[in-house]
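Trainee: Could you help me see how the words used for a structure follow from its numbers? I would like to set each value against its definition.

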Amino acid sequence: MTIGIGIIGCGMIAGFHSKAIKDAKGAKLVGCATRNPEQAAAFAEKNGCKSYETIEAMLADPEIQAVSICTPSGAHRDPAVLAAQAGKHVIVEKPLEITVERCDQIIQACEKAGVQLAVTFQSRFYESSKIMKKAVEEGRFGKITMGDSYVKWYRSQEYYDSGAWRGTWELDGGGALMNQAIHSVDLLLWLMGDVVEISAMMDTMTHERIEVEDVVVANLRFANGALGVIEATTTAYPGALKRIEISGSEGTAVLEEEDIRDWQFANETEQDAEIRKTMSGKTETGGGAADPSAIGHHGHTMLFEEFVASINENRPCSIDGREGRRSIEVIRAIYESAKTGKRVKLGS
């Protein structure tokens, strides 16, 4: 069954969701709504869909079976809960929300209503990410000793000045870590498993008129015993592709956006040479390293297709609310450690 989808929030990221919905098999963009009806009307005209005067009016439309939440990060909960209560399935642009408690409220609302919930961590759908995941599951790294994430991006002062919500704790929920690096945090947790201990430092070094960090470094201990580092910044000119490194007693692999830059194992397989050959030139955009609009929507398309399948098959999406919650728990713990100067333990 084709699933009619409405978009809530009509900012920059909504445009990528619109393209992805149009390209996704089994999905149809029906309409959009936001607090500003004029903005919704302009978005609808550009994207070939209906606009609604209010979010409530859109949720009352029987043509819409699901909604895509594209509001600012700290404004995801309320429309997501409203949508669930209206019986609509929900897909939320990252992050799910900016606190664990608000994430839980979305999860609970969707579970109570019996609707599917998905979070847009599209990097998990890249072929290179899945190859890394398979290698971990097959034990090819031996004893994994380190798992590291580096997001050294650049954002101008104009970027933060472009929206009153940007750079605020209330609506952005954080800075370089919560907004830019969260995809890498999610990937790292997906590959490495749960984090049990964190120590961190952060600062605001070059940007003005923002409340949040533009530099953060965290040391991690994973439940599997491995150690790791998360580094994130929006003040590393000119910006580099995000990077994940996994090291173990029998192997090392480096993922740079969609490229596999290093792939070395003590016990080689027939596929390893082909992986090194074909997976080193997969990145087609700047990955958002310097320009937030310089991303592709192909990952979003794959996620929307999986979301539609989860609805039609009445099963949880692979990146459901509980998966989306994991990165928020770690990020909030990093912020707590950085603010208090103390180690934070998780999962106790």
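Trainee: Why is the pair of arginine 261 and aspartate 259 called a salt bridge?
Mentor: The closest N and O atoms of arginine 261 and aspartate 259 are 3.0 Å apart, and the term asks for a side-chain nitrogen of Lys or Arg within 4 Å of a carboxyl oxygen of Asp or Glu, so the pair qualifies. Please keep in mind that this is a predicted model, in which local features need pLDDT of at least 70 and side-chain atom pairs count only at pLDDT 80 or more, while totals for chains, interfaces and linings use all residues. Residues are numbered from 1 along each chain as its sequence is written, and side-chain values use heavy atoms, with hydrogens and water left out.

Trainee: What makes aspartate 259 buried, and what makes arginine 261 partly exposed?
Mentor: Buried means under 20% relative accessible area, exposed means over 50%, and partly exposed lies in between (1.4 Å probe, protein chains only). Aspartate 259 has a relative accessible area of 3%, so it counts as buried, whereas arginine 261 is at 44% and therefore counts as partly exposed.

Trainee: How do you know that aspartate 61 forms a salt bridge with lysine 50?
Mentor: The closest N and O atoms of aspartate 61 and lysine 50 are 2.8 Å apart, which is within the limit, so this pair is a salt bridge too. It links distant parts of the chain, with aspartate 61 in the loop between helix H3 (55-59) and strand S4 (66-69) and lysine 50 in strand S3 (residues 50-51), 11 residues apart. Helices (H or I, at least four residues) and strands (E, at least two) are DSSP runs, numbered from the N terminus. Aspartate 61 has a relative accessible area of 11% and is therefore buried, while lysine 50, at 33%, counts as partly exposed.

Trainee: Which residue forms a salt bridge with glutamate 306?
Mentor: The partner of glutamate 306 is arginine 315, and their closest N and O atoms are 3.2 Å apart. Glutamate 306 is buried, its relative accessible area being 15%, and arginine 315 is partly exposed at 26%. Elsewhere, salt bridges that share partners join Arg124, Asp186, Asp194, Glu323 and Arg326 into one network. The structure holds 25 salt bridges.

Trainee: Why are H5 and H12 called roughly antiparallel?
Mentor: The axes of helix H5 (residues 100-113) and helix H12 (residues 321-340) come within 10 Å and cross at roughly 175 degrees. Angles over 145 degrees count as roughly antiparallel, those under 35 as roughly parallel, 65 to 115 as roughly perpendicular and the rest as oblique, and therefore H5 and H12 are roughly antiparallel to each other. The contact (heavy atoms within 4.5 Å) is made by Val100, Cys103, Asp104, Ile107 and Glu111 of H5 and by Gly321, Arg322, Arg325, Ile328 and Glu329 of H12.

Trainee: How many disulfides are found in the whole structure?
Mentor: A search of the whole structure finds zero disulfides, a disulfide being a pair of cysteine sulfur atoms within 2.5 Å. For cysteine 10, the nearest cysteine sulfur is that of cysteine 32, which is 4.1 Å away, so cysteine 10 is in no disulfide. Cysteine 10 counts as buried at 9% relative accessibility. Cysteine 317 is also in no disulfide, with the nearest cysteine sulfur, that of cysteine 110, 12 Å away, and cysteine 317 is buried at 3% relative accessible area.

Trainee: What makes the phi of arginine 209 a value to point out?
Mentor: Phi of arginine 209 is near 60 degrees, a positive value in a residue other than glycine. Most residues other than glycine have a negative phi, and most peptide bonds are trans. Arginine 209 lies in the loop between strand S8 (195-203) and strand S9 (215-222), and at 61% relative accessible area it is exposed. Glutamate 257 also has a positive phi, near 55 degrees, but glutamate 257 is buried, with a relative accessible area of 8%.

Trainee: Which residues does a cis peptide bond with omega of about -10 degrees join?
Mentor: That cis bond joins lysine 94 and proline 95, and proline 95 is in the loop between strand S5 (89-93) and H5. Another cis peptide bond, with omega about 0 degrees, joins tyrosine 237 and proline 238.

Key: Axes fitted to C-alpha atoms, helices over the stretch in contact; angles between N-to-C directions.
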